[in-house]
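Trainee: I'd like to go through the pockets, cavities and surface of this one with you. Can we put it up and start with the inside?

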Amino acid sequence: MTDNALATTAPTPTPTPLTLLGTGAMGTALARAWLAAGHPVTVWNRTSARAEPLAAEGATVAASAAEAVAASRLVVVCLLDDASVGEALDGADLSGRDVVNLTTGTPAEGRARAAWAEARGARFLDAGIMAVPPMVGEPGSGAYVLYSGSPGLFEEHGETLAVPTATRYVGADPGFAALHDVALLSAMSGMFAGVLHAFALIRKEGIAPKDFAPLLVSWLGAMAPAAHMTADQLQSGDYGKDVVSNLAMQVAANATLLATAEEQGVSAELLTPYMSLLERWLAAGHGDEDITGAVELLDLN
């Protein structure tokens, strides 16, 4: 008998069965990604008709949330808000279940929901989805999901959770995923405010927005790495470290931004709160530092 005849082939791992509560746009995209990868998926939605299209793609549609939870050890929740999570899971037996909450919420809600689930015998992960539905299940889309909470749950189910998008575990504190999520979204909101103001300045002139957009994208991309220097200054506590354009210079330059907005007949309301913060930090005697120190004024405690 040859060595080849004696050789054995390792069995192919069976895809983990899972339950998904919530089949809105995001939930449906997640379910389709898991189904395409061969995972048995049980789904439930409060409006049952919204879950039916997934049945044609191989999902099992449960009549109730409790029935769906009973079908799988791994239970993924993607609902409207934290209150809807509580309502859906309240009548279900969570003992021995691994609950992964993809519902957008606050850090405090993530911590409270973790304690609530653990008191009912479940392990718990909270999460923040850094994607929109069309990015889910698309390799190279840049989508990922932030997870925090039970390290054992994440280690055991990491491969399954990575099927729809990349995963990033940010700590055992169940509130950390939501905190990272909201911090990133807050930065995005500030960027969108700047983008709107920029287009408002040019929109009445003979400048095509589509011609201006590539310049805007390139400029914002070039400026984004400044976050690394901000992080270094915050971590060291030295707001004067490696200063390129100090606070006094930036506050002075803001006058030109405001004058241009006035000339163009554009409200500066998207800029003035930030400018006022810098002016207050300058008045406190920090003109030779970077703008980073103005973060001190945001602490309400």
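Trainee: How many cavities of 30 Å³ or more does the count come to?

Mentor: The count comes to one cavity of 30 Å³ or more, where a cavity is a set of points on a 1 Å grid over the protein atoms alone at which a 1.4 Å probe fits but cannot get out. This is a predicted model, in which local features need pLDDT of at least 70 and side-chain atom pairs count only at pLDDT 80 or more, while totals for chains, interfaces and linings use all residues. Residues are numbered from 1 along each chain as its sequence is written, and side-chain values use heavy atoms, with hydrogens and water left out.

Trainee: Which residues line the largest cavity?

Mentor: Its lining is made by Asp82, Asn101, Thr103, Thr104, Gly105, Glu109, Gly110 and Asp126, lining residues being those with an atom within 4 Å of a point. They divide into no nonpolar, five polar and three charged, where Ala, Val, Leu, Ile, Met, Phe, Trp, Tyr, Cys and Pro count as nonpolar, Asp, Glu, Lys and Arg as charged, and the others, Gly among them, as polar.

Trainee: Now the pockets: what is the volume of space in the largest pocket?

Mentor: About 2,400 Å³ of space lies in the largest pocket, a pocket being an open set of points with protein on both sides within 12 Å along at least five of seven lines. Of the 47 residues in its lining, Leu220, Met223, Gln250, Tyr274 and Ile291 lie nearest the centre, and helix α8 gives the most, with 10 residues. The lining divides into 33 nonpolar, 13 polar and one charged.

Trainee: And what about the second largest pocket, which residues are closest to its centre?

Mentor: That pocket holds about 300 Å³ of space, and of the 16 residues that line it, Gly24, Asn45, Cys78, Leu79 and Leu80 are the closest to its centre. Here α2 gives the most to the lining, with three residues.

Trainee: Switching to the surface, which residues make the nonpolar patch?

Mentor: Leu185, Met188, Met191, Phe192, Trp219, Leu220 and Met223 make a nonpolar surface patch of about 630 Å²; such patches join nonpolar side chains (Val, Leu, Ile, Met, Phe, Trp, Tyr) within 5 Å, from residues with over 30% relative accessible area and no salt bridge. Helix α8 gives the most to this patch, with four residues.

Trainee: Why does Met188 count as partly exposed?

Mentor: Met188, which lies in helix α8, counts as partly exposed because its relative accessibility is 33%, and that class lies between buried (under 20%) and exposed (over 50%).

Key. Patch = residues over 30% accessible without salt bridge, like charges linked within 9 Å, V, L, I, M, F, W, Y side chains within 5 Å. Areas by Shrake-Rupley, 256 points an atom, 1.4 Å probe, with all protein chains shown as cover. Salt bridge = Lys/Arg side-chain N within 4 Å of Asp/Glu carboxyl O. Helix = DSSP H or I, 4+ residues; strand = E, 2+ residues; numbered from the N terminus. Buried < 20%, exposed > 50% of the residue type's maximum accessible area, 1.4 Å probe, protein only. Points joined across faces, edges and corners; volume = space filled by probe spheres on them.
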